[in-house]
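Please open the model in your viewer and keep the selection panel at hand.

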Amino acid sequence: MSGERKQPSTEVRQAIWEAWDKKSAYTGEPVAWPNLHVDHVIPVKKPKLLADLQSKRLAPADFDINGFENLLPSANFQNQGKSAKQMEENALVYYLELARQKKPEIQRRLAARYRSNAELKAYLDLKAASEKNDVSLEEMLTVFAHRAEGAVTLRITPAIEGANLATANSSVAATLMDRPFALGGGTVTEVIVHSSNGHSLTCTTSNEFIRAQQLGYFALTQTDIKIASMASETTEALRAIRDSTFADESELREPIVKLRHLDRWAAEWVAGGLVDHDDLEKIAGLKTISDVVDAGLCKVESLEDHEVSFIVHHGLDVTLRELMRADLDGDRWEEILIFNYMSAARNGGTLGGGQAFMAKIAEDGLLHMQAYPPEKTE
C-alpha cells in the first residue's frame with residue numbers, strides 16, 4: 001500500500017543498521033551512525049512505480065511502502081544520488097529481495113530492543129514505587145518477573161541433585177520434582193515412610209514423596225521424621241511454584257509485609273510449640289505473635305525478613321521460613337508459603353519436624369495458617 005513517508009524511529013533505524021552489520025546495503029561500505037540514512041527502495045512519492053511492479057506480480061498486493069520490505073540502510077550522500085535517478089526494474093527487484101530477506105532479523109532485533117526498553121521502564125517504575133513506601137525493590141522486581149515470565153524467587157535452594165536455583169517457573173519446578181533428593185547438604189538421598197499396616201516405601205523424589213503421602217504413608221522414627229521434614233520443605237516449595245499463578249491482587253506488597261513484622265502474624269504460628277497447660281490457656285486471648293512475645297510465653301531468638309526463630313519457654317522452639325509468594329490457592333490474591341519447623345533440640349531432645357502452611361490474610365487483617373496444598377473445590 002502507498003501512503004505518506006514515515007520517518008523511522010531511532011529503534012527502527014538502529015535495528016536496520018545493525019541487521020546490515022552497520023554497512024550500506026548498496027555498496028557494502030561501513031556507515032557511521034551520524035551518516036546513516038534509511039532509504040525507501042520504492043520512493044513513497046512514486047505510487048505508480050509500486051502499482052506497476054504489483055501489476056507484474058513483482059511486488060505483493062499488500063506491500064507496505066513504509067515496511068521493512070522496502071527499507072535499506074545507506075549513507076546520506078548515496079541516498080541523495082539515488083533520488084536523482086530511478087533504478088532499473090531489475091535493480092529494484094534485487095534490492096527489494098534483499099530487504100525482504102533481512103526483514104525477520106530486523107523484526108527480531110526490534111522486538112528485543114522494545115522488550116529491553118519495556119524492562120527498563122518497568123524497573124524504573126518499580127524503583128519509584130519502592131521509594132514511596134516500604135516495598136523493597138527486590139520484592140517489586142520479583143513481582144514483575146512472576147508477572148512477565150512466571151518466575152518465582154526461591155527463599156530456599158531446593159535440596160535436589162544438581163539444582164542450585166534462585167528462581168524457577170512452573171515447568172522448571174515440574175522437572176525438578178522428578179529429580180533425586182539431595183537432602184541434608186546432599187548426604188541424604190531417600191525418605192522412608194510407613195503405612196499403618198506395617199508396609200514401608202522408599203521415596204527418592206518429590207513426586208514419589210507426594211504419592212506416598214496421598215496413600216497415607218507417614219514417617220515413623222524420629223530420624224525419619226527429620227528427613228521427611230527436609231523432603232517436605234523442598235517438595236512443597238516446588239509444588240507451589242509448579243501450581244501457583246501471578247497474584248493480581250495483594251495486601252502484602254504496599255507496604256510490604258515480612259516475617260519480622262510480628263504484629264501482622266496471628267498467634268497460632270507459634271502456638272503449636274506450646275505444651276504447658278497454663279501457657280495454652282494464656283495464648284487463647286492473644287491475637288498476634290507480638291502479643292505472645294510480650295506475654296512472655298516465648299522470646300525471639302533471631303529476626304530476619306524471611307526467617308524468624310522463637311525460643312518457646314515451655315515447649316518446642318519454632319522457626320518460620322518463607323519459601324515463596326504467589327497466588328497459591330487460585331483466588332487471584334497473594335499468599336505466602338511458610339515452612340513451620342518445631343524442635344526440642346535446645347532442651348536436649350531429638351524430636352524435630354515441620355510442614356508447609358499457607359499464610360493468608362483474614363478479615364482481621366492478620367496472616368493466619370491454612371493448609372497447603374489447599375483443598376480443591378469442585
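How many bridges join strand 10 to strand 11? Strand 10 and strand 11 run antiparallel and are joined by 8 bridges. Strands (E, at least two residues) and helices (H or I, at least four) are DSSP runs, numbered from the N terminus. This is a predicted model, in which local features need pLDDT of at least 70 and side-chain atom pairs count only at pLDDT 80 or more, while totals for chains, interfaces and linings use all residues. Residues are numbered from 1 along each chain as its sequence is written, and side-chain values use heavy atoms, with hydrogens and water left out.

Select Phe339 next: opposite Phe339 stands Ala356 in strand 11.

Turn now to the largest nonpolar core, which has 36 residues. Such a core is a set of buried (under 20% relative accessible area, 1.4 Å probe, protein chains only) Ala, Val, Leu, Ile, Met, Phe, Trp, Tyr and Cys residues joined through side-chain atoms within 4.5 Å. Among the residues with the most contacts inside this core are Leu183, Val191 and Phe209. Helix 9 gives the largest share, 7 residues.

Centre on Phe209. Leaving aside neighbours within four places in sequence, Phe209 is in contact (heavy atoms within 4.5 Å) with residues including Phe181, Val191, Cys203 and Ala228.

Finally, select Val41, Ala59, Met87 and Ala99, which belong to a second, separate core of 27 residues.

Key
Buried < 20%, exposed > 50% of the residue type's maximum accessible area, 1.4 Å probe, protein only. Pairing = 2+ DSSP bridges.
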